[in-house]
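User: I would like to learn how to read strands, cores and a ligand shell in a model like this one.
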Amino acid sequence: MTRFRSLKMLLPYVWPKENLKLRYYLSAAFVFMIVAKVSTAFVPLAYKSMVDTLSGEHGQLIAIPLGFIVIYGIARISGSLFEELRNVMFVHVSQNATRLLGIRVFKQLHALSLRFHLERQTGGLSLSIERGTQAVAAVLSRLLFSVLPILFEITLVAVILWRLLSVWFAVAIVVTVTCYILFTIAAVGWRTRFRRELNQANADANNKSIDSLLNYETVKYFGNEDFEARRFDQSRQLYEFAAIKNQISFTVLSLGQTAIISVGLVVMMAMAAQGILRGQMTVGDFVLVNAYLLQLYQPLNFFGFIYGEVRQALIDMDNMFDLLELDREIEDRPGAKSLHLTKGEVVFDQVNFGYDPRRPILKDISFSIPAGKTVAIVGASGAGKSTLSRLLFRFYEVTDGAILLDGQDIRHVTQASLRQAIGIVPQDTVLFNDSLRYNIGYGNTDASKEEIERAAKLAYIHDFIVSLPDGYDTRVGERGLKLSGGEKQRVAIARTILKNPMILVFDEATSALDTHTEREIQAHLHEVSRNHTTLVIAHRLSTIVDADEIIVLDAGVIVERGDHGDLLSQNGRYAAMWQHQRREEDEKGE
Ligand SMILES: Nc1ncnc2c1ncn2[C@@H]1O[C@H](COP(=O)(O)OP(=O)(O)OP(=O)(O)O)[C@@H](O)[C@H]1O
Ligand SMILES: [Mg+2]
């Protein structure tokens, strides 16, 4: 039973070991719940006594019903009062649990591998998190403060009826309620299928619309608005059908519930009427039975809804807990130490890798970047150049071989210390939808304003930023789309400069820049990468002529290596690429 797993996983959040205050709150909530229910149970009793006194069955004085009326009033007020107090106590517990679980899921999502994130759709993911954390509060408050109190109240009423009238009333009420609950559980179970269809249709429609909007520009480029609308409409149609089925099943559930309660009510009223005729019961008793059933009817009527909700919430929570139990793929080894860099030497030792075992991407790659030196990787698109940097960051585990930093296998050190030591200007920079200052400052969240501006100057973007009306406070738009490709790249360079790691990776860091700006930045990058171990992935060969070693990668294999001069004299692939690019530049120059 996976549902019990969810409840078990929830328990430490509801009854937190280290948080005594919340335990008091929960205990208080329980006490208040009992007081509220007992008070409510008094209401019909006081009512009955009033009726009996007024109808003169016991011939008492008129002063006594006044007493009952007051008791009746107090019972009603205290019933609501304690119920509200209970809610106030409990909201502390449920919201705390929601928050803690939300944080845990958030952390887990960041701990899951890049592979996981590339395969999952963000829209569906955030929906399932939102549902999951909201489900926590729903399950807790419903189970503890709706289901439990209903059961308690029913027991209380059955006992009162038994003691006051006869055991048959207790039997009748228990039978009615049992039928009601069993029917509800069965019907809700049957309905779950429709609910799930509805949720799936909803998530699907959501994904489609988010993906379509994320690709706004692409949609326009291809004039595919109608195509997108049709796709969206298809998934909305599925949603429509699912919603209709869901409503019909709900109607069946409601009608069945009302029928059961009504039959119970009729039977018990008939029993009470007969009791009066036989002279065994008073009019007050008749009123009492009626009042109790009607009083129970309300929460019971709610029960179907609550049960459905709890069931759904348990499913949502289950999805969330599944997420928490997912294999993280890349994990720190138990007892992994921090990476300790003294020189900053990078070694790829016979590395083999493929994203999918059926398709190897890198084959037997061996090279080393001595401390403080620069190695450049060149090669055709898809050769596996960016893959090298992803492996260096340990976004994926190498299939074979090893990557060593100052002799330490990156699999044996903590991911946090590894990533702290490396900085990358990635091929495609994505920025946070925040200000330029925030995005540059992201390289070092403790950096001062001056440090951020210094980094911006080194990345050759300070002048541009101050020329903007809002300067450093300019917001860059979703994913940074309000900046040009070259501006984004320079923001990425600035934040890497700010991070100031020992090892630098530039993955076509200046590919989106014009030759002039590129030269300017190159000079700065030279400055920045001095005394840093640097891996440069480049397309334009003129930017890497100074590299200490140049590696030519083709389809995941190293085909040539050496410095610029060596490679030219080898007259192989590199020399051909070089001549080709020279010719192109000459043509442009003229
Ligand atoms: N997450 C992934 N899952 C599966 N295959 C991938 C993934 N990322 C990249 N690939 C594949 O791996 C190969 C190497 O990709 P990589 O990004 O390393 O190329 P690259 O040399 O950097 O090319 P470019 O010059 O175009 O940036 C490509 O054929 C690509 O399709
Ligand atoms: Mg690449």
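Analyst: What follows takes these features in turn. This is a predicted model, in which local features need pLDDT of at least 70 and side-chain atom pairs count only at pLDDT 80 or more, whereas totals for chains, interfaces and linings use all residues. Residues are numbered from 1 along each chain as its sequence is written, and chains are lettered from A and ligands numbered from 1 in the order in which they are written.

User: Which residues of strand β6 are buried on each side?
Analyst: In a regular strand the side chains alternate between the two faces of the sheet. In β6 (residues 422-425), I422 and I424 are buried on one side and G423 and V425 on the other, where buried means that 20 or more other C-beta atoms lie within 10 Å of the residue's own, placed from the backbone. Strands are DSSP runs of E with at least two residues, and helices are runs of H or I with at least four.

User: In which sense do β6 and β7 pair, parallel or antiparallel?
Analyst: Pairing requires at least two DSSP bridges; β6 and β7 (residues 503-507) are parallel over four bridges, and I422 has I503 as its bridge partner in β7.

User: Which residues touch the most other members of the largest nonpolar core?
Analyst: In soluble globular proteins, nonpolar side chains tend to be buried together. Here the largest core has 70 residues, of which A376, A459, A494 and I550 touch the most other members; a core joins buried Ala, Val, Leu, Ile, Met, Phe, Trp, Tyr and Cys residues through C-beta atoms within 7 Å. Helix α15 (residues 485-499) gives the most to this core, with six residues.

User: Which helix gives the most to the shell around ligand 1?
Analyst: Helix α10 (residues 385-392) does, with three residues.

Conventions
A residue is buried if 20 or more other C-beta atoms lie within 10 Å of its own, exposed if 12 or fewer, and partly exposed in between; C-beta atoms are placed from the backbone.
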